[in-house]
Amino acid sequence: MSRYLRVVLAIYRKDAQLEARTRETFTAMAVFAIAVALIFNFAFQVNPRNVALVGPGIAWAAFTFTGVIGINRAFIFEKDRGTLEGLLLAPAGREAVYGGKLLGTLTLMLIVEALMVPVFLVFYDIALLSWWFVGTAVLATVGFAAVGTVFAAIAVHTRAREVLLPLLFLPIVMPVVVAAVSSTASALAGEGWSGVARWFSLMVAFDVVFLVVSSLAFEFVVEE
Amino acid sequence: MDRRQETRPAQPGLAIEVAGLTKIFGRTTALRNISLQVPWGVAVALLGPNGAGKSTLLRAIAMLARPDEGTVRVAGVTRGHDAARARAALGYVGHQPLLYDDLTPEENLRFYARLHDVRDAGARIRQVLADVGMSHRATSRVRTLSNGMQKRIAIARALLHRPAVLLLDEPETGLDQEGLALLGRIVRGVADGGATVLFSTHDIERALALADRVALLRGGRLVLDASRAAADAASLRALLADEAEARR
Amino acid sequence: MASTAMPATKAAGPGGWRLAVLAVAGAMMLVNLWLIFAYVPTEVSMGVVQRIFYFHVPTVEIGFVAFFVVFVASIWYLVSRKPSADRLAQAAAEIGTMFLTVAIIMGAIWAKKAWGTWWIWDNKLTTTFVLWLIYAGYLMVRAYAPTRAQAARWGAIIGIISFLDVPIVYAASSILHPAETLTTEGGLEPAMRLAHWFSFFAFGVLFVYMTMLRSGQHHDEERIDELRRTTIE
């Protein structure tokens with residue numbers, strides 16, 4: 001177990017150090033999230049009357065697409081210089097490599113989502129921030145990262161690595177997106193636990209199932 | 001410096017045990033029924049023309065490639081449940097340096113030291129950097145280093161955790177004269193310290209100068225596995241030339 | 001014949017079984033057509049168009065069964081590494097996707113006639129559609145994989161993850177649209193129920209036949225690759 005944690009944390013620290021130095025993935029994700037929000041603003045003609053209806057959807061569309069970019073980047077830079085192999089030489093099970101990469105992507109996505117909260121406040125006058133929203137964001141993002149990390153590791157080895165991840169990822173996370181949009185809407189409406197309960201349990205189920213299955217499956221993804 | 005302290009003490013059994021190894025990539029068979037046994041404390045040179053399967057064999061021993069048939073055992077451990085322990089015993093230098101461009105050599109080594117739980121990492125990193133003659137560039141970003149310098153750092157990376165089995169895939173690529181001399185000293189130092197080195201090369205003279213044993217791959221088959229005393233440059237050259245002839 | 005070659009006799013075995021299954025599928029399909037167009041009474045409220053139900057529902061059902069087959073074969077492959085398990089998974093996914101495609105198109109036609117709209121985002125339609133999309137991705141990954149071994153492993157992982165996702169997708173769309181718009185089974189007359197089940201088994205045998213055929217083709221592809229490997233030498 002400690003061997004597992006050691007490798008997970010080593011990969012996480014290394015990714016954090018790299019990202020702190022280059023800020024490549026973070027910048028791409030943040031700018032992309034804002035761009036998506038802008039496009040939806042004009043696509044839906046957002047105004048004070050419809051913002052409560054379309055706001056949560058816009059937020060989660062932005063977070064979902066941004067997540068695709070972050071998850072893909074996490075593996076593309078490892079693949080391009082062959083360093084993915086260096087991770088596979090680590091003296092631990094492959095699930096430790098999965099855990100380390102997942103944790104890095106998860107952190108980046110959560111940071112971008114947190115930064116988008118004031119953006120939504122300024123542009124749409126929609127105050128997303130509440131404890132229920134924080135819970136929603138964590139549960140949904142863990143789900144994204146759990147399946148996304150496995151799919152990105154598959155996609156990066158193929159010829160179509162840029163397009164394959166969204167093709168696999170978007171239909172699979174459909175229930176998470178539905179749950180996140182609905183519980184964000186109910187958090188905005190101030191419905192409390194009764195409003196989010198069913199969605200939270202759905203997301204917890206998704207997260208647990210796919211964290212376990214993906215950890216086990218990762219070995220089969222990366223072997224040659 | 002006493003290089004014998006570089007490596008772990010020899011363990012019972014064999015360092016590398018390959019039995020009936022076959023590896024298929026789509027429509028090509030990269031390795032056919034390879035069996036190879038390497039004891040502790042020796043350096044083995046792996047010769048063979050391009051495409052003979054040298055890299056694939058090293059990758060299979062490094063547990064990066066899964067055999068389609070046969071087994072690979074490193075330090076007595078086979079892949080599967082205890083692959084992690086086998087990987088802890090392995091040092092591997094491939095064609096790519098496995099370094100992060102935006103980190104310095106020191107930071108790269110610090111990361112690999114964490115992966116391998118190297119004790120007293122700071123001192124160990126300074127030592128391996130000195131061993132490959134790269135102390136002066138320890139804090140430049142890898143991006144700014146030449147290929148040869150990156151190769152040296154890659155070798156330092158593989159030595160970092162005192163591997164019991166060191167695998168080097170054409171390590172001389174990109175190295176200058178001084179680097180080649182360093183490489184020779186490192187290979188001998190590791191083998192004389194009781195660990196095992198398996199390195200692939202195209203240079204017959206270097207193979208005979210450094211190795212205790214010579215193995216030769218051709219078309220995915222192991223066609224020669226002999227002690228240095230039993231192998232001579234002329235016959236090795238003839239075996240390699242045969243292949244060139246056959247392909248023509 | 002016995003002395004000519006091993007491959008010839010090998011190929012004759014599954015080929016013979018395949019013909020037998022094809023014969024059964026063909027006979028059942030003829031009876032099925034008679035049941036659907038002659039035997040079953042016309043439904044009162046929807047009229048003759050309701051007969052598409054006996055094609056649409058069984059093909060959806062077989063589509064879901066197909067992905068259960070993919071799921072089981074995928075686990076089997078990862079555990080045993082038997083190429084036959086992977087061939088079954090791939091063939092079932094391909095044929096299953098085909099069944100779902102046909103089913104979704106028929107469903108849309110029926111919906112247009114019965115409710116005046118091509119599509120309703122209710123829980124069943126949504127789940128079917130998401131499942132179809134997921135397996136389109138599955139087939140693309142297999143097509144883009146550099147080697148057959150990688151296609152097999154990645155396909156197996158996606159096959160397992162996708163199948164586990166289906167109940168979650170269904171739960172999510174059921175909470176979203178609690179109203180069951182398309183419940184039909186409860187109000188079926190015995191004759192209609194008979195036609196539905198017979199059609200289910202007829203399409204089931206057809207599915208078995210097509211999956212056998214397809215997995216046989218994958219087997220042939222593998223043997224061609226193997227022959228190339230050995231003759232290049």
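The model is predicted, so local features need pLDDT of at least 70 and side-chain atom pairs count only at pLDDT 80 or more, while totals for chains, interfaces and linings use all residues. Residues are numbered from 1 along each chain as its sequence is written, and chains are lettered from A and ligands numbered from 1 in the order in which they are written.

I begin with chains A and C. Their contact takes 26 residues from chain A and 27 residues from chain C, where two residues are in contact if their C-beta atoms, placed from the backbone, lie within 7 Å. On the side of chain A that touches chain C, the elements giving two or more residues are α6 (131-155), α7 (161-172), α8 (174-188) and α9 (193-222) of chain A. Helices here are DSSP runs of H or I with at least four residues, strands are runs of E with at least two, and both are numbered from the N terminus. The largest share, 10 residues, comes from α9(A). By class, this side of chain A divides into 22 nonpolar, 2 polar and 2 charged residues. Nonpolar covers Ala, Val, Leu, Ile, Met, Phe, Trp, Tyr, Cys and Pro; charged covers Asp, Glu, Lys and Arg; the others, Gly among them, count as polar.

Next, chains A and B. Here 22 residues of chain B are in contact with 22 residues of chain A. On the side of chain B that touches chain A, at least two residues each come from α2 (83-88), β6 (90-93) and α3 (105-116) of chain B. The most, 5 residues, is given by α3(B). This side of chain B has 12 nonpolar, 3 polar and 7 charged residues.

Within chain B, 4 strands form an open antiparallel sheet in the order β2-β1-β4-β5; two strands pair if DSSP finds at least two bridges between them. The edge strands, each pairing on one side only, are β2 (28-38) and β5 (77-78) of chain B. Between β1 (residues 16-25) and β4 (residues 69-74) of chain B there are 5 bridges, and B:I16 has B:V74 as its bridge partner in β4(B).

Finally, is helix α5(B) mostly covered or mostly uncovered? Mostly covered: 11 of its 13 residues are buried, that is, with 20 or more other C-beta atoms within 10 Å of their own, C-beta atoms being placed from the backbone. The buried residues of α5(B) pack against β6, α3, α4 (121-131), β7 (165-169) and α6 (177-192) of chain B.

Note on methods: Buried ≥ 20, exposed ≤ 12 C-beta atoms within 10 Å, placed from the backbone.
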